[in-house]
Amino acid sequence: MIIDPIKNGIVIDHIKAGKGKEIYDFLQLDELNCTVALIKNVPSKKTGKKDIIKIDEIINIDVDVLGYMTPEATVSTIKDGKICDKRKIELPEMLKNVIKCKNPRCITSVEQGIEHIFKLTDKENKIYRCIYCETKAND
């Protein structure tokens, strides 16, 4: 399979195999008016398989969402056919309005307009807790 190289755009690489479609949907990439390629199950020396998303336009990517969904990912910005910036994504310390608290008694469930904020409490196990009620977020 041959995918054309990008002249100016974004490549999200090293996505955990099978997570590419979920990231594509969450970032609402279907609403872009440019070419977007979702490549699944690409052979990888490190992990066996990975997904890749190529976007033929330079856009802002929510790295907190990426860090939460696939912390092993990298985001490369391509300009004039060359990588001008490459960032390794990590688990964010805080998540704002990415996930919602499931506790029906949490203030975010009762009051409208309050941001859903979660803090990383266990990096090794990727555990986030609501800052208001301490409820653990579900993956």
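Trainee: Is tyrosine 128 buried or exposed?

Mentor: The model is a predicted one. The relative accessibility of tyrosine 128 is 1%. Buried means under 20%, so tyrosine 128 counts as buried.

Trainee: What is the geometry of the pair formed by the rings of tyrosine 68 and tyrosine 128?

Mentor: One aromatic pair is found in a search of the whole structure. The ring centres of tyrosine 68 and tyrosine 128 lie 5.4 Å apart, with 75 degrees between the planes. Planes over 60 degrees apart meet the cut-off, so this pair is edge-to-face.

Trainee: The charged end of which residue sits over the ring of tyrosine 68?

Mentor: Tyrosine 68 itself counts as buried, at 8% relative accessibility. A charged end lies 5.0 Å from the centre of its ring. That charged end belongs to lysine 126.

Trainee: Which element gives the most to the largest nonpolar core?

Mentor: The largest nonpolar core has 30 residues, and Ile12 and Ile55 have the most contacts inside it. Among the elements that give two or more residues are strand 1 (9-16), helix 1 (20-26) and strand 3 (48-55). The element that gives the most, with four residues, is helix 2.

Key:
Residues numbered from 1 in each chain as written. Predicted model: local features only at pLDDT ≥ 70, side-chain atom pairs only at ≥ 80, totals over all residues. Heavy atoms only, no water. Phe/Tyr/Trp six-rings, centres within 6.5 Å; stacked < 30°, edge-to-face > 60°. Buried < 20%, exposed > 50% of the residue type's maximum accessible area, 1.4 Å probe, protein only. Lys NZ or Arg CZ within 6 Å of the ring centre and 35° of its normal. Core = buried A, V, L, I, M, F, W, Y, C linked by side-chain atoms within 4.5 Å.
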